[in-house]
Amino acid sequence: METKAYFMIKMEAITGGDGHTDAVRELEAMPEVEAVEPVSGEYDLVVVAAVDAPIRIALVAKKIQAKNWVKNLHVLKLEPAAPNPFLDEVCSIPGGESINWCVQCGMCSASCPNVNKMDYSPRKTIALVRAGRRYDVLTSNSMWVCASCYLCTARCPKDVKITELMHTLERLSVRHGLHNGGATPALYRAFIDSIKGNGRVHELGMMMKFFLKTNPLAALKIIPVGLKLLSHGRMSIKPTKIKGTEQIKTMVERAQALGGAK
Amino acid sequence: MGTKAYFMINMDKKFSDDSYYLDAIRELEAIPEVESVNPVSGVCDLLVKVDAPIRVILVANKIRTKKWVKNFHILNVEPAQPTEAPKPAEREFVEA
């Protein structure tokens, strides 16, 4: 791997002759040196050098320091690349690691049935994550509008798990308190609580919990629907547990420990 | 061709968080006179190369106003020195 550095050199006072030019030529003759620029200010020369793995920048610095015309030398080591903590965070959550395989072909955006309702299309969302635009991505509605139809995932030529990625972004937006999904996170929580308690969804309990946490008055609108479901036996008043509720609970808790929203 | 210069920028510790660092790089890259922005470790945090069309100090003033700049040094690039080595064509002629 190549390491790059800038050497800022202050020269000894050279009186007469071609001392300055000779110094520049001496540096240019070094194989590690890419460019030498004479400057005025706190330093006299700026040297750009690049070395490959076994050779270290410190050795090049020693070579330059050994020249008799060098008064002092400061090394500015180039940082490998602009860090992108947001991309690292997305990649660290299960489902988010496939973001690096995207080639930005736009097949996901072309396939998405809800793209017209999204702030950013799936392709653009991936591009924004890669650009480190945490706030823009997490405050957008794109991941919340995702219908989880998996059309994008099925058609992606690079096997990017876009639907999983959208769920990953949902989790991150909730974790950072930036979500723009309206009541959706509350619905998800009510659903998971119901699953943890009974091993399956208890519709009445889940909706009651959801409306109590969001807008209790909105529940009045769906009371007629609820009554119809009850009268036709499509919804039970009492929750029923399935066999192995404990195992389901353990699975959900394990998923939450891996990065799911608590 | 304008005047080239290097700016050695030290960032305020308050803004040394990753996200501020990235924003600072983007802000600098958005300045039209800036040729390259290099995040470095050493005596300074950022090494910026600029090509000032009129005066370097005008570009310096643009950067000095950023809230994350603690201090910075300007290194003006001196114009290339005339070389005494023969031109390639001449060298070929001499060798022939």
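User: In this predicted model, why are strand 1 and strand 3 of chain A called paired?

Analyst: Pairing needs at least two bridges. Strand 1 (residues 3-11) and strand 3 (residues 45-51) of chain A are joined by 7 bridges, so they count as paired. The two strands run antiparallel. Within strand 3 of chain A, the residue opposite A:Y6 is A:V48.

User: What makes strand 2 of chain A a partner of strand 3 of chain A?

Analyst: Between strand 2 (residues 33-40) and strand 3 of chain A there are 5 bridges. The cut-off is at least two, so these strands pair too, in the antiparallel sense. A:E37 stands opposite A:V46. The hairpin of these two strands has 4 residues between them, and A:G41 there takes a positive phi near 145°.

User: How do you know that strand 2 and strand 3 of chain B pair?

Analyst: The same test applies: 5 bridges join strand 2 (residues 34-41) to strand 3 (residues 46-52) of chain B, against a cut-off of at least two, so they pair. B:V34 has B:V50 as its bridge partner.

User: Which strands close into a barrel, and in what order?

Analyst: The barrel has 8 strands, in the order 1(A)-3(A)-2(A)-4(B)-1(B)-3(B)-2(B)-4(A), with antiparallel pairing. On average, neighbouring strands of this sheet are turned by 35° against each other, direction ignored.

User: Which strands of chain A does helix 1 of chain A lie across?

Analyst: Helix 1 (residues 19-29) lies across strand 1, strand 2 and strand 3 of chain A, at about 155° to strand 2. Helix 2 (residues 57-65) of chain A also packs on the sheet, where it touches strand 1, strand 3 and strand 4 (70-78) of chain A. The direction of helix 2 makes about 160° with that of strand 4 of chain A.

Terms used. Residues numbered from 1 in each chain as written. Chains lettered and ligands numbered in written order. Predicted model: local features only at pLDDT ≥ 70, side-chain atom pairs only at ≥ 80, totals over all residues. Axes fitted to C-alpha atoms, helices over the stretch in contact; angles between N-to-C directions. Contact = placed C-beta atoms within 7 Å.
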